[in-house]
Amino acid sequence: MARRKQSHGNCAFCGRDMAKGGLSKHLSSCAERQAVIKAANQKPGKSEKLFHLRVQDAYLSDFWLHLEMNGSATLKDLDYYLRAIWLECCGHLSQFSIGGWSGDEIAMRTRIDRVFRPGVELTHIYDFGTSSETLVKAVGVREGKPLTAHPITLMARNLQPEVECVECGQPATWLCLECVYEFDEPGTLCDKHAENHPHDDYGEPMPLVNSPRVGMCGYSGPAEPPY
Ligand SMILES: [Zn+2]
Ligand SMILES: [Zn+2]
Ligand SMILES: [Zn+2]
Ligand SMILES: [Zn+2]
């Protein structure tokens, strides 16, 4: 695989570009976020526990999210969000468990505030064939009013990892599955080299979208948040 720089992402509140390692700390002190929190708390509505969840792919650590989630929401809401932003290909089964892969399954109807405390980490598995494994860790909790009408607020997300075209070293935007599965090669291609790439047993090269599931099962994006 081509060399990668340290993973970066943007704070959704102030737009600042930060290295992955700095975001948890930044989010707890971001002035723009504090202003949004203050404005939300002045509106009518109920206060509740709001959880800061750090989400990352279990193996591809360049794919990560920082979410804030209502304590009254359920794991089903989190499953829906993860499917939409990263995972959904053909409606496979999924589950949450505590204590890793083989740990105890936790029912989808479970409320977030019943399962998470700071430090608690759940494993989410999507698809028991070609599995995507996601770690969800509560890194903080606050009392307040939700920032939006949705159960989850996206606070930060990794920028698309930079990978190089195997032919020319320019930034790659396409992936050839035949290279990956038949030749054990990265299969990453720029626009130009995707156009006349010789392989088609797995179809045309597919777009590299910002998801850890690219190249797995029938996943083809769009890797956009649902709200
Ligand atoms: Zn910020
Ligand atoms: Zn699938
Ligand atoms: Zn190229
Ligand atoms: Zn190929």
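These are my notebook entries on a predicted model of a protein chain.

I am working with a predicted model, in which local features need pLDDT of at least 70, side-chain atom pairs count only at pLDDT 80 or more, and totals for chains, interfaces and linings use all residues. Residues are numbered from 1 along each chain as its sequence is written, while chains are lettered from A and ligands numbered from 1 in the order in which they are written.

**Domains**

I looked up the division of the chain. Domain 1 covers 8-158 and domain 2 covers 174-207. These bounds come from an automatic or database domain assignment. I then checked the separation: the C-alpha centres of domain 1 and domain 2 lie 33 Å apart.

**Helix α3**

I use DSSP runs for helices (H or I, at least four residues) and strands (E, at least two), numbered from the N terminus. Helix α3 takes in residues 75-87. The expected span is 1.5 Å times one less than the number of residues.

Next I asked which residues of α3 are buried. They are L75, L78, Y81, L82, I85, W86 and L87. Buried means 20 or more other C-beta atoms within 10 Å of the residue's own; exposed means 12 or fewer, partly exposed lies in between, and C-beta atoms are placed from the backbone.

What do the buried residues of α3 pack against? I found β4 (64-70), β5 (94-98), β6 (104-106), β7 (121-126), β8 (132-144) and β9 (152-158).

**Cores**

I moved on to the nonpolar cores. Such a core is a set of buried Ala, Val, Leu, Ile, Met, Phe, Trp, Tyr and Cys residues joined through C-beta atoms within 7 Å. The largest has 33 residues. Those with the most contacts inside it are F51, L53, V55, L67, M69, L82 and I112. At least two residues each come from α1 (23-29), β3 (48-57), β4, α3, α4 (112-115), β7 and β9. Helix α3 gives the largest share, seven residues.

A second, separate core has eleven residues, including V163, A172, L175 and C179.

Leaving aside neighbours within four places in sequence, L67 is in contact with L53, V55, I152, T153, L154 and M155. Contact here means C-beta atoms, placed from the backbone, within 7 Å.

**Strand pairing**

Two strands pair if DSSP finds at least two bridges between them. I started with β5. Strand β5 pairs with β7 in the antiparallel sense over five bridges, and F96 stands opposite H124 in β7. Three bridges join β5 to β6, also antiparallel. S97 stands opposite E105 in β6 and opposite T123 in β7. The hairpin of β5 and β6 has five residues between the strands, and its G99 takes a positive phi near 90 degrees.

Strands β7 and β8 pair in the antiparallel sense over six bridges. E121 stands opposite K137 in β8.

I also found an open sheet of three strands, in the order β11-β10-β12, with antiparallel pairing. Its edge strands are β11 (188-189) and β12, each pairing on one side only. Two bridges join β10 (residues 174-175) to β12, and L175 stands opposite M206 in β12.

Which residues other than glycine have a positive phi? I noted D127, with about 80 degrees, and A223, near 60 degrees. D127 sits in the turn of the β7 and β8 hairpin, which has five residues between the strands. D127 is buried, with 20 other C-beta atoms within 10 Å. A223 is in the segment after β12 (206-207). A223 also counts as buried, with 22 C-beta neighbours inside 10 Å.

Last, I checked for a cis peptide bond. The bond from G221 to P222 is cis, with omega near 15 degrees. P222 is found in the segment after β12.

Methods
Two residues are in contact if their C-beta atoms, placed from the backbone, lie within 7 Å.
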